[in-house]
Amino acid sequence: MTTSFEQKKIAVVLPCYNEGNAIADVVASFKRALPSAKIYVFDNNSTDNTAVEAQNAGAQVITERQQGKGNVVRRIFAEVDADCYIMADGDGTYEAAAAPQLAKALFDQKLDMVVGCRKSVEGEMTYRAGHAFGNKLLTGIAQTVFGRGFTDMLTGYRAFSRRFAKSFPILSSGFEIETEITIHCLSLNLPASEIQTKYYERAEGTESKLNTYRDGWRILMTILRLFRDAKPLIFFSLTALILAILSIGLAVPLISEFLNTGLVTRLPTAVLCTGLMLSALMSITCGIILDSIARQRLENKKIAYLQHSQGEF
């Protein structure tokens, strides 16, 4: 079964911050790839001519005053109504010609998300070494924690169903939004797929807004936070195990001394060991309680997801 795009409501949504030198070409390339789609540029307080260039290129421009990509994506999903959302950056790095493939996969396979995995074009220095390593590391952590994942967790090129967009409770404010999107999909076990797409150098005159260490740290903390929220029993059990090992490790010399002399000369260490073991027991208790709460939250998310229309396939 194939899908005619002319019968579908497709929205191309482009979060932008100071992409004036690239956005007109990006809008034009998506117009060529998806002539029937409506193109939205969400300007996030740009200080250059991004909004003017986007409007002149034929896009509908909406301004989001709260700084940060997560805030922009929250506004996109709240403001735009479509059967399919194609999200990309406005810097010219993503392959607009692949957009019909993403939309076709979403409709034909009845998916909630299609991930455009980035493959650098031969001869172009598109990936900084630190970003490539960080992406692989964080993607691997997410796959380990949640049991499955995607090849490129941090890509900004994705297609979403209406049901996904309207039921996703976005909490992130910055570039960690891609991580939150991925983990939301994995935790609810939503139908998703990935397609390899070309990844180009940024357009001349534009610069990356990513900070390798700061944003990498925020993404890692997001993974840990979402892991704690989604699987609290495992998270707090691991915490309890670490605390218990520390307690036992510190207690072994004390026990040995007591057996040999009948005395405990290092009272502060004994108190510390007791505190660590009590903390381990409290951590396990918290995990058990929060696990039941997490299950209820997951059920509520699934109910919210099912209450929204998937759109016409």
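Colleague: In what order do the seven strands of the open sheet run?
Modeller: Strands of a sheet pair through backbone hydrogen bonds, either parallel or antiparallel. Here the order is β3-β2-β1-β4-β6-β5-β7, with mixed pairing. The edge strands, β3 (60-63) and β7 (192-199), each pair on one side only. Strands here are DSSP runs (E, at least two residues), helices are DSSP runs (H or I, at least four), and both are numbered from the N terminus. Two strands pair if DSSP finds at least two bridges between them. This is a predicted model: local features need pLDDT of at least 70, side-chain atom pairs count only at pLDDT 80 or more, and totals for chains, interfaces and linings use all residues. Residues are numbered from 1 along each chain as its sequence is written, and side-chain values use heavy atoms, without hydrogens and water.

Colleague: How many bridges join β5 to β6?
Modeller: Three bridges join β5 (residues 113-120) to β6 (residues 158-161), and the two strands run antiparallel. M113 has F160 as its bridge partner in β6.

Colleague: Is H184 buried or exposed?
Modeller: H184 counts as buried because its relative accessibility is 5%. Buried means under 20% relative accessible area, exposed over 50%, partly exposed in between (1.4 Å probe, protein chains only). H184 lies in helix α7.

Colleague: What is H184 in contact with?
Modeller: Contact means heavy atoms within 4.5 Å. Leaving aside neighbours within four places in sequence, H184 is in contact with F164, S167, F168, P169, L190 and K301.
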